[in-house]
Amino acid sequence: MKELVENLKKEAIFFKIASAADLEKYRLQFLAKKGKLNEVFEAFKTTKLENKKEFGALINELKNELEEKYSVFTKSLINNKTENELAFDLTLPGDSRKLGTRHPLSIVQNEIISIFEKMGFIISEGPEIEDDWHNFSALNFPENHPARDMQDTFFVDRGYALRTHTSSVQVRVMENQKPPIRTISPGRVYRNEAISARANCFFHQLEGLYISKDVSFADLKLTLFKFVEEFFGSGTKVRFRPSYFPFTEPSAEMDIYLGVDSEEDLRLTKGTGWLEILGCGMVDENVLKNCSIDSQIYSGYAFGMGIERIAMLKYGIKDLRQFFENDIRLLDQFKI
Ligand code: PHE
């Protein structure tokens, strides 16, 4: 019996397995029902009782070894297979990775940012859920100003709302930094407006703020002229119209001249050729006071523009909602 076990062990050890077919042969020869291991088990049945313990242990050991060899080779064959599959065929065409595109709003926003960065403006950001102070009160909105009304503002909870403009970020900057301050705040803002081709309940703004000694309206104009020249091209005609914002005095809106060459121009400019692109003005004294900036020493200007409107102009996009549908056919056109 001992000899039988030893011989079978040797035979199994020397059995060469180099392929899946060999492995199967091994299994049939040793481990299958009609294999040699079972023959040994059969023989074991007839051994004398007093030998059963010793031989039983030997046979169990044999069984473990034969099965171990089988499982080791099974694993290595699987590994080899994946290695083969991984082997490179250098003649195959490569996997082409499709590059994503930047969203048109991001492209325009980045372009505007880089123009102002060149002029020394630093980006600042703030929360989209804002308290009444930063969004309204500090900005000199009277207690019952219509902009605070439910019609325009999404209130979140008592005292908190989704910011309606990024001027709120500028209040935070003024509260935390000493002049001179030269900052731009790009970001998403929310207004409770009916969704249409020209308006949405959220959109993007970029607002600018400059506070220093002896800042005048001429500084504001120069900065904005420069921006228009860089973004829309030199020779673009602009004009300032008096306007009103609670946080600036005097206030103005800036228009650029599109012309009246096409139906489109006529519609967009309501027949005048002029299109409003931003609001601006000199920071109201009350706002400076609210942010603990001495208005006897410092003055400043602020401006704010909607990124969607500028992107629509730049790319001839007629419906603002297209920016938020994420239709690949639109986005794909903005490869840079
Ligand atoms: N905050 C204004 C708006 O949301 C824009 C603005 C900014 C106007 C700064 C003047 C000065 O419409």
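This is a predicted model: local features need pLDDT of at least 70, side-chain atom pairs count only at pLDDT 80 or more; totals for chains, interfaces and linings use all residues.
User: Which strands does helix α11 lie across, and at what angle does α11 run to β10?

Analyst: Helix α11, residues 307-315, lies across β6 (202-213), β8, β9 and β10, and its direction makes about 55° with that of β10. Helices here are DSSP runs of H or I with at least four residues, strands are E runs of at least two, and both are numbered from the N terminus. Angles run from 0 to 180 degrees between N-to-C directions, with axes fitted to C-alpha atoms, for helices over the stretch in contact (heavy atoms within 4.5 Å).

User: OK, what's the strand order in the open sheet?

Analyst: Its seven strands follow the order β1-β5-β6-β10-β9-β8-β7, and the pairing is mixed (two strands pair if DSSP finds at least two bridges between them).

User: And which strands are at the edges?

Analyst: The edge strands are β1 (122-123) and β7 (238-245), each of which pairs on one side only.

User: How do β7 and β8 pair, parallel or antiparallel?

Analyst: β7 pairs with β8, residues 248-257, in the antiparallel sense, over seven bridges, and Ser243 stands opposite Ser251 in β8.

User: Which strands does helix α8 touch?

Analyst: Helix α8, residues 217-232, packs on the sheet and touches β7, β8, β9 (274-283) and β10 (298-306), while its direction makes about 145° with that of β9.

Terms used:
Residues are numbered from 1 along each chain as its sequence is written. Side-chain values use heavy atoms; hydrogens and water are left out.
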